[in-house]
Amino acid sequence: MKRVLFVCVENANRSQMAEAFARMLGGAAVEAYSAGSRPSGVINPKAIAAMAELGYDLAAHDSKSLDALPDIEFDFVATMGCGDACPFLSAHQRADWALPDPRDMTPEQYRGVRDDIRARVAAMLAALGVPPPA
């Protein structure tokens, strides 16, 4: 099983969608987590709506801090826009995904960021050797 983590500032948009895609695309072969350097405590309704369009209930997620993560080594960690607030976390592979914060974007622009995240998660899972969903 591969353990993957996605970190952004609020844990309300990008990292939440990335966690959802890792779960959707990785299935039982992936243990996915997300967290924020300064979590908002809520999931953005735009993120919930964007993922609902793809059949995923993001409303079941919680916005959480880095302190809520288990003390484990991750196979992959992606940071997204948290800059200096992104901590060092133990991981075999790391990447900084330069994704704009979609919080204030139009629904169409938001979908563009969502679809970019899906493509990045799919490529990351393939690189880790996780087979695509059946």
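Reader: How do you know which strands helix α1 lies across, and at what angle does α1 run to β2?

Author: Contact means heavy atoms within 4.5 Å. Helix α1 (residues 14-26) lies across β1 and β2 and runs at about 175° to β2. Axes are lines fitted to C-alpha atoms, for helices over the stretch in contact, and angles run from 0 to 180 degrees between N-to-C directions. This is a predicted model, in which local features need pLDDT of at least 70, side-chain atom pairs count only at pLDDT 80 or more, and totals for chains, interfaces and linings use all residues. Residues are numbered from 1 along each chain as its sequence is written, and side-chain values use heavy atoms, with hydrogens and water left out.

Reader: What makes α1 mostly covered?

Author: Buried means under 20% relative accessible area, exposed over 50%, and partly exposed in between (1.4 Å probe, protein chains only). In α1, 10 of the 13 residues are buried, among them M17, F21 and G26. The buried residues of α1 pack against β1, β2, α2 (45-52) and α3 (107-127).

Reader: Why is strand β3 called largely enclosed?

Author: Six of the six residues of β3 (residues 74-79) are buried, so the rest of the structure largely encloses this strand.

Reader: How do you know which strands pair with β3?

Author: Two strands pair if DSSP finds at least two bridges between them. Four bridges join β1 (residues 2-8) to β3, and five join β3 to β4 (residues 91-96). Both pairs therefore meet the criterion of at least two bridges. V4 stands opposite F76, V7 stands opposite T79, and the partner of A78 in β4 is A95.

Reader: Why are β2 and β4 said to stand at the edges?

Author: Four strands form an open sheet in the order β2-β1-β3-β4, with parallel pairing. β2 (30-36) and β4 each have a single partner strand, so one side of each is left without a neighbour in the sheet. The twist averages 15° from one strand to the next.
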